[in-house]
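Dear colleague,

I am passing on the structure that we spoke about, and it is shown just below. After it you will find my notes, which go through the chains one after the other and then turn to the place where they meet.

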Amino acid sequence: MPSSSAKAAAGETTEIRSRARLGSGFVLPALICLLVAVTLYSVTIGRYDLSVADVAYILIDNVHPLVTPYWDPVQEIVVEQVRVPRILAAIVIGFGLSMSGAALQGLFRNPLVDPGIIGVTSGAGFGGTLAILLGLQGYLLLTMAFLFGIGSVFLVKLLSTVRGRTSMLTLVLAGVVISAFFSAAISIAKLLADPFQKLPAITYWLMGSIASSNYLDVLLVAAAVVPSAIAIYLLRFQINILSLGEEKARALGAKVLLVQWIVLVASALISAGVVATSGIIGWVGLVIPHVARALVGADHQRLLPVSGVLGAIYLLLVDNLARTVTTAEIPLGIITALIGVPVFAVILRRLHAKGGWSGD
Amino acid sequence: MSSRLGTHIALALSLSILVPATALAESSFLDHRGKKITFAKPPERVVTVVRSAPIVYRAVDEKADHIVGMNKDSLTRYFTKGIYAEMLPEMAKINASAAQDGFVPNVEAILAEKPDAVIQWTHDEKLIEPLERVGLTVVGWQCCSEQDRLDYVTLSGYMTGRNDRAQAILKAQSETLKALDEKVGKLDKSALPTVLHIDKVADQIQVIANGSQDLSLSGVTNPAADNTGEWWRTVDFEQLLVWNPDIIIIPAYATDLDPQKFFDNPVLASLKAVKEKRVYKQPVFARTPDAPEIFLTSEWLAAVAHGAAFAPDFKKQIVDTYKLIYGADLSAEQVTAILESESNTPANQYAELFR
């Protein structure tokens, strides 16, 4: 927990550095309302023809039957076993990726950072790829992806620790090295994969999809995301201080190394959980925090939850596109990249025009 | 498309025009690139990079002696286990270093075999150019229409000098399909059953949208058909429900999937095909779509969709076909294994269909 002096300093700093944004306090409640609306809308759309009233009665019937069930059991399966778990997965994943992206960007004072910075995404990606190559499916695949993701963090830690000390620069470089290593390993696995069966499966999985999500998947990804997001949010004041720079943070009494490691491990857990259940979904953790920062400023007390909710809305909308635009499923990673690249280009131009990123 | 048609016409013409040359032992023909290939005598050392080419070439040549190299995937996929390994054990002894799982040739390994001819795919010039650059004679096969498959047998006939064998195999195929066509022609075209080929239902649901099998030969339609796109399409469960096929076929290559997995899946239980237990695993003869016996698949599917009358005495036909093509004398157990009877036990009336 932050010390009272650090907390006060962080609040003061934030007040100095934050822009005056009219009504920024209403942003989070407004976004939560929007998330609820988008969620309800998402349940009513899909390839299978269901009216809004059908969906409403099917859902309400679980709580309090309003009408005698007139719907086909298949319709109930579509709503409750197909759409709802998928929607929940999109919310949890979007929330987790965006929140960890916002925390890491603050921590490293770098707008180009996303949850993949510490090699965990590539590590988990290789774990999943290896599982497909070995013919493993379902929860064996998930377990391997998660273990490799977490394993990559330990490798990064091992590489970046010299004589018991770890610098952030070395850590980021170690992350780049491990990322490159696992990317090469993925390429080797793809080279060895059966080009007619396993290679398409690997390629599709790596591009990210939540098409087959069930409640257990949601539970598993939530088990990784929720505690990690809570840990990150509890450190919001410390992250504010660290975003001023390590020297200043130390001068203000912040436990720099401890905060950095907690945020890194929490982000690694989120990324490993997400990749294990859904493959690699890029750009969410990179772009959404910038949009959130434009809405509420750089104070992580507001930025973190706003990033999370905005990420949940964004990924939900992206998944709606993925499952409704064509008869075929479009991998989420493709859509997030198609949207993320131009948005990020605009952000970079604005940053350049401002003379660089200052964290606010 | 026009160049493809042109190639087929040229190939057909070459059959009639160039056969006299074959009679004199010299063989001259056009491959799928339209390139004229001439052999003074049938090549004695052939390397195949096309995965199914060893099967086709062995079938037409009636022996494996002239095949000196193939790709690793041919070996592991067909000749280390399964019916081909049982029928043609000599194939497993052939050097398998011509290429790995894909079709990029290992030029030095191929050169070491001193081949008189190499069979390679035509879809990418880079697959052929390195071979021709070092002076090898390459016979190009293009992928993968029904006509292309017939041509593989014809081209193998030209190469081996065994046009008689090639024509006998093609005749067996055309006669079977002609008889099937007469029966299918009597079906009501507006009420043909819908068939989905599904090869994955776990982490991804994957259907065949643009496969090479002509389903109209069997009197069925594919609701996922899209001739403009990729072979496979990944869909979600809702889309499966929208299509709600009458029959689901599990391709023979999907080795870890069987009908029981569909019947045990509570979400898939809402599908019509699952409710009516009309989920079937394809027989082994559909394992490679390029094999000369692939025409049996059309007959099998017609029987599954419309009844045993569409494939009368099918077990005997399997035995006769394998005897003609591979010279094999199949046992009753092998025929049962070829039909995937064990996997298909829970499927609707499978045992009755193929007594």
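**Notes on the two chains**

Strand 5 (residues 117-121) of chain B and strand 6 of chain B pair in the parallel sense over four bridges, where two strands are said to pair if DSSP finds at least two bridges between them, and where helices (H or I, at least four residues) and strands (E, at least two) are DSSP runs numbered from the N terminus. Please keep in mind that this is a predicted model, in which local features need pLDDT of at least 70 and side-chain atom pairs count only at pLDDT 80 or more, while totals for chains, interfaces and linings use all residues. Residues are numbered from 1 along each chain as its sequence is written, and chains are lettered from A and ligands numbered from 1 in the order in which they are written.

**Chain B**

To stay with that pair of strands, Val118(B) stands opposite Val138(B) of strand 6 of chain B. Both strands belong to an open sheet of four strands in chain B, with the order 4-3-5-6 and parallel pairing. The edges of this sheet are strand 4 (67-69) and strand 6 (138-141) of chain B, each of which pairs on one side only. On average, neighbouring strands of the sheet are turned by 35° against each other, direction ignored; axes here are lines fitted to C-alpha atoms, for helices over the stretch in contact, and angles run from 0 to 180 degrees between N-to-C directions. Helix 6 (residues 125-133) of chain B lies across strand 5 and strand 6 of chain B, and runs at about 160° to strand 5 of chain B.

A second open sheet in chain B has five strands in the order 9-8-7-10-11, with mixed pairing. Its edge strands are strand 9 (232-235) and strand 11 (279-281) of chain B, each pairing on one side only. Within this sheet, strand 7 (residues 195-200) of chain B runs parallel to strand 10 (residues 247-250) of chain B and is joined to it by three bridges, and the bridge partner of Val195(B) in strand 10 of chain B is Ile247(B).

Strand 1 (residues 27-30) and strand 2 (residues 36-39) of chain B, by contrast, pair in the antiparallel sense over four bridges. They form a hairpin with five residues between them, and Gly34(B) in the turn has a positive phi of about 85°. Leu30(B) has Lys36(B) in strand 2 of chain B as its bridge partner.

Taken as a whole, chain B has 15 helices and eleven strands. A compact globule of 355 residues would have a radius of gyration near 20 Å, and the 21 Å of chain B agrees with this; the radius is taken over C-alpha atoms, and the globule rule is 2.2 Å times the number of residues to the power 0.38.

**Chain A**

Chain A has 15 helices and two strands. Its C-alpha trace spans about 65 × 55 × 35 Å along the principal axes.

Helix 4 of chain A and helix 14 (residues 300-324) of chain A pack at an angle of about 140°, with their axes 7 Å apart. These two helices of chain A are therefore oblique to each other, since angles under 35 degrees count as roughly parallel, over 145 as roughly antiparallel, 65 to 115 as roughly perpendicular and the rest as oblique.

Helix 13 (residues 284-296) of chain A and helix 15 (residues 332-354) of chain A pack at about 45°, with their axes 10 Å apart, which makes helix 13 of chain A oblique to helix 15 of chain A as well. Among the residues that meet here are Val284(A) and His290(A) in helix 13 of chain A, and Gly340(A) and Phe344(A) in helix 15 of chain A.

**Where the chains meet**

How many residues of each chain are in contact with the other? 26 residues of chain A are in contact with 20 residues of chain B, two residues being in contact if their C-beta atoms, placed from the backbone, lie within 7 Å. On the side of chain A that touches chain B, helix 4 (73-108), helix 6 (138-160) and helix 8 (198-206) of chain A each supply at least two residues, and the largest share, five residues, comes from helix 4 of chain A. The residues on this side of chain A divide into 14 nonpolar, eight polar and four charged; Ala, Val, Leu, Ile, Met, Phe, Trp, Tyr, Cys and Pro count as nonpolar, Asp, Glu, Lys and Arg as charged, and the others, Gly among them, as polar.

With best wishes
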